[in-house]
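Visitor: I am new to this structure and would like to go through it step by step.
Guide: Then let us look at it together.

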Amino acid sequence: MSPIHALPVELLTTIFQLGVDSDPLPEDQIRGIHTFEVLVSHVCRHWRHVALHTPHLWTTIHFRTRAHMARGKCYISRNASLPIDIFVDTCSEDDYQIRKDLLYRDDFFPVFDILLPHIARWRELHLIVADLECKSYARRVLSTCGPAPVLETLQLWHVQNWRTSERLFNHIGPPPVVVFGGSLPALKHIILQGVNLPWSRSPFLRNLSTVEFALHSDNVRIPFDLWRAMLAASPNLSRLSLLFAGPRAAPSAPGTSAVPDGIEWWGAPAPSPDAVLGPRPPPATDPVYLSRLREVHLHNLESDYLVSLFRTLDAPGVRALQLGLDFDDQDFSPFVAFLADPPRYPPAKRGAQEGTGTGPKFPELEKLSVATLKCSIESWRALLVASRKVKRLEADFTQLPDGAFDVLFDTVPAPPEKSESGRSTAREVPILPALESLRVSGVAGAQLARLAAARRAAGCRIRRWEVEEGARDEDAEGLERGVAEEAARWRAQAAVEAEEGKGQRRCEPWRLDEPLERFVWFREEEGESEFGDDGDEGEYETEGGEEG
């Protein structure tokens, strides 16, 4: 008997589960490739028996083609009791003309006949529609299906080619409907793209961990008072993403709203101290405190809107910020300067100081990703100077102002240090002194090599270089070779010391505390305008002469 068949069923089941967990999400899987659970169930009779009797392997159901209908029924039969994660992906009319097997209209409608009997087990629902008729049917289903008691993730996408931002901004669709009877007691993550809700009749907008809104024309955006209430009722919010969306910008017509619901009032600058005793001050004077917010993504929003919006938020623990700000040729310098040093209304809590000069909006920021940003060099430099804890920078420098990369050669004063005599000594360190990882596009190899040399000389070397293929030239390849040669020398020295008993431990180059640099080439996919979350796709790596 082969040794693999001697494995206990419990261990084999665990291995299968790990394989399923490592599979890409359905929306990221390559077409025509079987999922892991299907593959292992076709290896041999024993594996198939184990797989078919392991319900955890069959909890993710994906509908994208007509063939997936039968597969979905099969998955549900193999998992009769555990929560299920549902991905439904319909196509546009243009795509349907190319591939008749995709879900479109008549082929899409029966999907919910399969799913609705099991609504009490829905844990995630990811629904993408690219056709108004499909959207209309989805509205009818979700408005009549009743509660989903264990649903934690709700993602509703309407993908439409609006062609211009003006058409999206002015789009008027049918009134939104109450989904799931307004009852989603377990909801933690809400992702809405091109889909809005009846905000005042959606009581489940609370206790959220993720809020992602995208492509909302201003007339359907959430009123500011309800936005504020949603955030205040979600103290565990960790991720906030806005793409041409957010709370309402313009106020409703006079007399149609009990309270001001536009950003003109809610995000207005704080009044002078003398005026505080007068009319009610704007809520920017008392921002919502989001202590657990860690990730913020901002794309295609106006500069003044963003300044007003973030006056109403206090999120000192943000670790990752992604910016894609190229909206109607606006200058985002005011917002970038605001991030670097926002004015503070005199607060009594958390020890903040009055006025300006209190530090950056996100003092704990560790990752800064910039897909596009139109601002002045002065505001860009101010943001980097204020970001002393940033460990990873991702930037497409073709979409930043001229000279933006040169700012990385600047220096800033280091925190004061006391000498042995007790006197404070001043010294300069490179801008972004904590920087360990750099992912760049649009930078010549000579500039990269010069930055590497400068950072090494200052004792602030960049540990990981991720460089877009377009920068491949003699200088960039020289940097790649230098990184590999230095790693080889360090490893050889570490091996000698280990043999002589001088080394503290064995060389482990995957550890972050190893004094090695790594060099990675990556290819920007056609049509891509943003950086990936982990920067792994389309990469190949050189470190110590090895490829990964």
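**Charged pairs, cysteines and confidence**

Guide: Arg392 is buried, its relative accessible area being 13%. Keep in mind that this is a predicted model.

Visitor: Which residue forms a salt bridge with Arg392 at 3.0 Å?
Guide: A salt bridge needs a side-chain nitrogen of Lys or Arg within 4 Å of a carboxyl oxygen of Asp or Glu. For Arg392 the closest N and O atoms of the pair are 3.0 Å apart, and the partner is Glu466.

Visitor: How many residues apart are Glu466 and Arg392 in the chain?
Guide: Arg392 belongs to strand 13 (residues 392-396), and Glu466 belongs to strand 19 (residues 464-468). The pair links distant parts of the chain, and the separation is 74 residues.

Visitor: Is Glu466 buried or exposed?
Guide: The cut-off for buried is under 20% relative accessible area. Glu466 has a relative accessible area of 1%, so Glu466 is buried.

Visitor: Which residues are joined with Glu466 into one network of salt bridges?
Guide: Arg464 also forms a salt bridge with Glu466, with the closest N and O atoms 2.6 Å apart. Salt bridges that share partners join Glu466 into one network with Lys367, Arg392, Glu394, Arg439 and Arg464.

Visitor: Where does Arg472 fall: buried, partly exposed or exposed?
Guide: The side chain of Arg472 meets that of Glu469 in a salt bridge, 3.0 Å from N to O. Buried means under 20% and exposed means over 50%. Arg472 has 33% relative accessibility, so Arg472 counts as partly exposed.

Visitor: How many salt bridges does the structure hold?
Guide: The pair of Glu466 and Arg392 is a salt bridge, and so is the pair of Glu469 and Arg472. For the structure the count is 22.

Visitor: How many disulfides does the structure hold?
Guide: Cys134 is buried at a relative accessible area of 0%, and Cys375 also counts as buried, at 9%. The number of disulfides in the structure is zero.

Visitor: What is the mean pLDDT of the protein chain, and how many contacts does the stretch of residues 347-356 have beyond near neighbours in sequence?
Guide: The mean pLDDT is 83, and 77% of the residues reach 70 or more. Over residues 273-279 the pLDDT is below 50, and this stretch has two contacts beyond near neighbours in sequence. Residues 347-356 also have pLDDT below 50, and their number of such contacts in the model is 14.

Notes. Residues are numbered from 1 along each chain as its sequence is written. This is a predicted model: local features need pLDDT of at least 70, side-chain atom pairs count only at pLDDT 80 or more; totals for chains, interfaces and linings use all residues. Side-chain values use heavy atoms; hydrogens and water are left out. A disulfide is a pair of cysteine sulfur atoms within 2.5 Å. Buried means under 20% relative accessible area, exposed over 50%, partly exposed in between (1.4 Å probe, protein chains only). pLDDT is the predictor's confidence in each residue, from 0 to 100. Contact means heavy atoms within 4.5 Å. Helices (H or I, at least four residues) and strands (E, at least two) are DSSP runs, numbered from the N terminus.
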